[in-house]
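Please consult the sequence and structure shown here before reading the briefing that follows.

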Amino acid sequence: MITLYNTRTRKKEEFEPLNDRKVGMYVCGPTVYDYPHIGNARSFVVFDMIRRYLEYRGYNVYYVTNFTDIDDKMIDRANKEGIEVSELAEKFIAEYRQIANELNIKPANINPRATEHISQMIEMIEKILDHGTAYVAEGDVYFDVSEFEQYGQLSGVDPEELSAGARVGVDEKKQDPRDFALWKAEKPGEPSWDSPWGKGRPGWHMECSVMGKHYLGVPFDIHGGGQDLIFPHHENEIAQTAAAYEVDVPVKYWLHNGFLTINTEKMSKSEGNFFTAREVLDNFDNQAVRLFLLSGHYRQPLDYNTKALEQAEQSMERLRNAADTLRGRISILERKGIGHTNADDSLRTANEVVRQSFEREMDDDFNSPGAFAALYSFVREINTHASKAESPAVLRESLATFSGLLGVLGLDIEESKVAGTESSQEMLKAAVELLIELREKAREEKDYATADMIRERLGEAGISISDTKDGPTWKIG
Ligand SMILES: [Zn+2]
């Protein structure tokens, strides 16, 4: 049973999807106006991990993450660069895809773009207007917060306090400072679309409400994003969808990931206190970056610093080495044959323990640090027992469990140093066979002292030679 912390109810709840094993999941994607920073990357990786774990647990997840390709930031940046908004979007969508690929993020079932859903946005706004929770003001359309009683249900923001602290800007036509734009009338030099209220473009919050509804229906199961999106973005999404479709709970579970700090300070673009995902991936092992981003619980803040990344690289190395140890032992036993020792029993037990601990931790609100702790203790068991194990079946099972569970966290140890391991096995084989040939030669020449020395020294190194009627054979152990 999976329990997860639902921001909407402010407690951990048992996960019960709306439709049995089918799960609809929407995660706010990037506004594609700039290079994604490492804090954005945390959000991508966290929700990818959650999706992978749900799939591992047998759920059929339909995963939607959008590209916000029209909003104020897009327009400002495109104007600054003297290019079309669509050109800017293409550039950074390509960049996002590259980063996602390097972080081993499983492709979404669909990456809708806001500009491909303008007609559905207009439809939803019309519904909200029909239900009396929005008004038109000189080509703009605003959501009327005073007409929506449940406003504040997600963020806990008190609508009364909100109105006390806010003022209506001079260029705005709102009736109340809490109201927010569903549709913005065209301004010179901005992209625009036709609508019943004149030319204009959608408000940002409207984009996610519509794409979520379009691909997952109303209501759907899981909506994710960074904590900074709880208010106003997600609060407004709820208000819009609830008002348009007259449902109380448009999304059952709201999940939010914590901030990434840089050297314990809040990451800030304006202060220059941030790193792009590109810089980080260029400087560190890609899988170690992913491991680092999952090394803290997803709801807690996580601090980015060089030392933490170096530690993640070491951890990744330990994980890869343990997999290589298993592979190396399997390849030795393929020549040596099958046996069974206490080490095999210990390994088989460790194999069951790691799976149980991993699932227990991940079932508890996707506790990835706990899952890593389970994997590291499995690494210790592998390092203790694998060299003495004699059953290829047990070793193969351990390797399958190990790489399978790492795969749930999106870490791939399949390729690592397989080539290196195989070539060192080949080298060992060639060296031992050369020594056996020399021993045979010594025996032919009746130089028994040399022949015995070779046999003894190989024995000390853990390689035993047996003389059979077909000639000498050797094995490790
Ligand atoms: Zn969104």
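Angles under 35 degrees count as roughly parallel, over 145 as roughly antiparallel, 65 to 115 as roughly perpendicular and the rest as oblique. This is a predicted model in which local features need pLDDT of at least 70 and side-chain atom pairs count only at pLDDT 80 or more, while totals for chains, interfaces and linings use all residues. Residues are numbered from 1 along each chain as its sequence is written, and side-chain values use heavy atoms, with hydrogens and water left out.

**Helices H4 and H7**

- The axes (lines fitted to C-alpha atoms, for helices over the stretch in contact, with angles from 0 to 180 degrees between N-to-C directions) of H4 (residues 118-130) and H7 (residues 230-245) come within 8 Å and cross at roughly 70 degrees.
- Helices are DSSP runs (H or I, at least four residues), as are strands (E, at least two), numbered from the N terminus.
- H4 and H7 are therefore roughly perpendicular to each other.
- Met 124, Lys 127 and Ile 128 in H4 meet Gln 240, Ala 243, Ala 244 and Tyr 245 in H7, where contact means heavy atoms within 4.5 Å.

**Within helix H7**

- His 234 lies in H7 and, at 0% relative accessibility, counts as buried (under 20% relative accessible area; exposed is over 50%, partly exposed in between, with a 1.4 Å probe and protein chains only).

**Positive phi in loops**

- Asp 20, in the loop between strands E2 (11-14) and E3 (22-27), has a positive phi of about 50 degrees and is exposed at 61%.
- Phe 366, in the loop between H11 (342-363) and H12 (368-385), has a positive phi of about 55 degrees and is buried at 0%.
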